[in-house]
Amino acid sequence: MNTKNNPLLSPWSTPFGLPPFDEIRPEHFVPALQAAMAEQRLELDAIGAQAEPPSFENTVAALDRSGAWLYRLDALLSNLTASATSPALQAVQRELAAPLAAHDSAVKMHPGVFARLDALHAQRHSLGLEPEALRLLERLHLDCVRAGARLGPQAQQRYAAIMQELATLCTQFAQNVLADEAAYQLVLRGEDDLAGLPDFVRAAARQAAAERGLDEAAHVITLNRSLIEPFLTYSDCRDLREQAWQAWSRRGEMPGETDNRTLIQRILVLRNAQAREHGFDNYADYVLTDSMAGAQRAVRQLLGEVWQRALPAAERERQALIAMMRSHGVQGEPEAWDWRYWSEKVRQARYDIDDAEVKPYFSLERMVEALFDCAQRLFGVRFEVRPEVRAYHPDVQVYEMFDAQGRSAGLFLQDNFARATKRSGAWMSDFAYQSRNRGVDRPIIVNNNNFAKAAPGQPTLLSFDDARTLFHEFGHGLHGLLSNVTYHRLAGTQVLRDFVELPSQLFEHWLGEPEVLRRHARHWQTGEPIPQALIDRLQTARRWGQGYETVSYTGSALVDLEIHALSDPAGPGDVVAFEQATLRRLGMPPAVGMRHRLPHFQHLFAGAGYAAGYYVYLWAEVLDADAFNAFVEAGNPFDPMVAQRLLRHIYAVGDTVDPTTAYTSFRGRLPALEPLLAKRGLLPAEAGLPAP
Ligand SMILES: [Zn+2]
């Protein structure tokens, strides 16, 4: 390949250092990543070969600087394959999965570098290091140890092989789910098929049909959450609901090329082997030693406590559904594809609320303004749209962030709409983290959502849940954008993973503030603010359905923990049988089921990020419910003193401070569990509340 024509082989002279997306082609990645890996190997060899004795600067800080170009390219590739992929990019991703994993192992097992790091680590308390430098040394050392740096040569070879195979399998897993999602469409024709669907669902389904090139009389339901959930909630056609639900819940489980079941079994065998190399007999133990929870015990305690309270709450909800079914002359028990439908009927009857009434107040445009306004009032930052800066897809909006002093301080990309080339869910990621050590003063952060795009000329209207997702991801986004640290490894959201959902879940709270709603939740046609009575009903109605949500989430977290806590090196065998047996043992109501079943549980198997770690949302919810109370106690959701502490101790510090210390510095004490239980309506005093 001619190096002059490959934009990935030299630094980018683009505004903000964004990748030159228009010039990048899939075939550029393999040679560029190979070159970047070779470059980092040279950097590491140079660190290891120094004649000077190891010092923090010549070893630890240098290691933190190494691989900067590789990091940029790797981030670019994973962002593109997640948000705007193609068969050619997917092939690149499969081709590079094993070499990148091998490289990562080689970096962390580099004998010369690790010997120096290990020597410094042994005397770390007498080196006179600043707290952030000490934290970096400890973190990098632990990264290496947990990646096998202390193993003998043969074990290291085995270990690297395990990691490479895992990387390949996880890539395949994610591509299989995407393929199953892209392959399915439920075509609706005529009023009979559309019965019960409100205008916003019809409009989204019509748009999906247009994007798939269907004729004007067709509507399409895809397996995107923002389309299928409303369909299951509103469609009067029970047989179509069942059809759609079956397809949705069986992603990754259909026999054929995209079947994930044997793949998961192999991933679990390899993860157990990985844990055993470190002296643990199961993967959950290996993972949880490096978490805020510290061990399975603390996780089981929290999940068990919530599970026990949530089951009766879900049962009360089920009884209410049955009563509603009977009042409509429907016999039998609610099935999984009925739950949302009847639940919505109860919600409308009890709380006099329906999405069709709420959504006109939550246009995407207004909600984005709300995000930026809240960020400005809390942290003094300002966002300005940069229409001239082009990203990887025309739907991506690019914003420049300015700090309280008016300095340009970061770039924020927001990619809000679902499309067939994007994976499902919502997430934050980065193109570049802030780091003084790497000379990156402006981070480049991206938010992905999967909202159904409205037809041209129409506003995209969000449900309250969609708006909450928008706030959630922007909370992660701020965690990346407000980062103010020296070392790359400690920047932004690279914290312990049971801490990472705190900034995101905490930010959701501002959406629920009446003051924010009055200011920003305005009718897209009239500009009228949302009526106070509707806000009140919204707030009360949020309690409804918490039993269902909590059970489906907590059940998923428990299955995740159980399957990764298996000590049998042969794995569970039939993963679906294991899933079903575990759910029966737990007493999972069949009509509720898991939020994500194992064959498409991307958190667990598209990578190792949330494996034995799906509990982290609940763990962080203990923190966010307690943390927001600091504003409640101050009597002002934008209290400047509390906001300052929040910025200083949580949003700006990345992983430079251990999470328990960070939280305690912000709150003055450790978190309590009660605010979480209250938020979910699971406190005994509230659990028995009669229906209003
Ligand atoms: Zn999150």
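**Exercise 1. Give the strand order of the open five-strand sheet and its pairing.**

Solution. The order is β3-β4-β5-β7-β6 in this open sheet of five strands, and the pairing is mixed. Two strands pair if DSSP finds at least two bridges between them. Strands here are DSSP runs of E with at least two residues, helices are runs of H or I with at least four, and both are numbered from the N terminus. Next, the edges: β3 (382–385) and β6 (427–432) each pair on one side only. Last, the twist averages 30° from one strand to the next.

The model is predicted: local features need pLDDT of at least 70, side-chain atom pairs count only at pLDDT 80 or more, and totals for chains, interfaces and linings use all residues. Residues are numbered from 1 along each chain as its sequence is written, and side-chain values use heavy atoms, leaving out hydrogens and water.

**Exercise 2. Describe how β6 joins β7, then find the helix that lies across β5, β6 and β7.**

Solution. Start with the pair. β6 and β7 (residues 444–451) run antiparallel, joined by five bridges. Ala432 has Ile444 in β7 as its bridge partner. Now the helix. α3 (residues 68–83) lies across β5 (408–417), β6 and β7. Its direction is about 145° to β6. Axes are lines fitted to C-alpha atoms, for helices over the stretch in contact, and angles run from 0 to 180 degrees between N-to-C directions.

**Exercise 3. Characterise the packing of α14 on α15.**

Solution. Two packed helices are described by the angle between their axes and the distance between the axes. For α14 (residues 296–327) and α15 (residues 336–351), the axes come within 9 Å and cross at roughly 85°. The two helices are therefore roughly perpendicular, a label for angles of 65 to 115 degrees; under 35 is roughly parallel, over 145 roughly antiparallel, and the rest oblique. Contact means heavy atoms within 4.5 Å. On α14, the residues in contact include Leu321, Met324 and Met325. On α15, they include Trp339, Trp342 and Val346.

**Exercise 4. Locate Asp352 and Ala612, and give the phi of each.**

Solution. Asp352 sits in the loop between α15 and α16 (355–358). Its phi is near 55°, positive in a residue other than glycine. Ala612 is in the loop between α24 (602–605) and α25 (616–634). Ala612 also is not a glycine, and its phi is positive, about 55°.

**Exercise 5. Check the radius of gyration against the rule for a compact globule.**

Solution. The rule is 2.2 Å times the number of residues to the power 0.38, with the radius taken over C-alpha atoms. The C-alpha atoms fill a box of roughly 85 × 60 × 55 Å along the principal axes.
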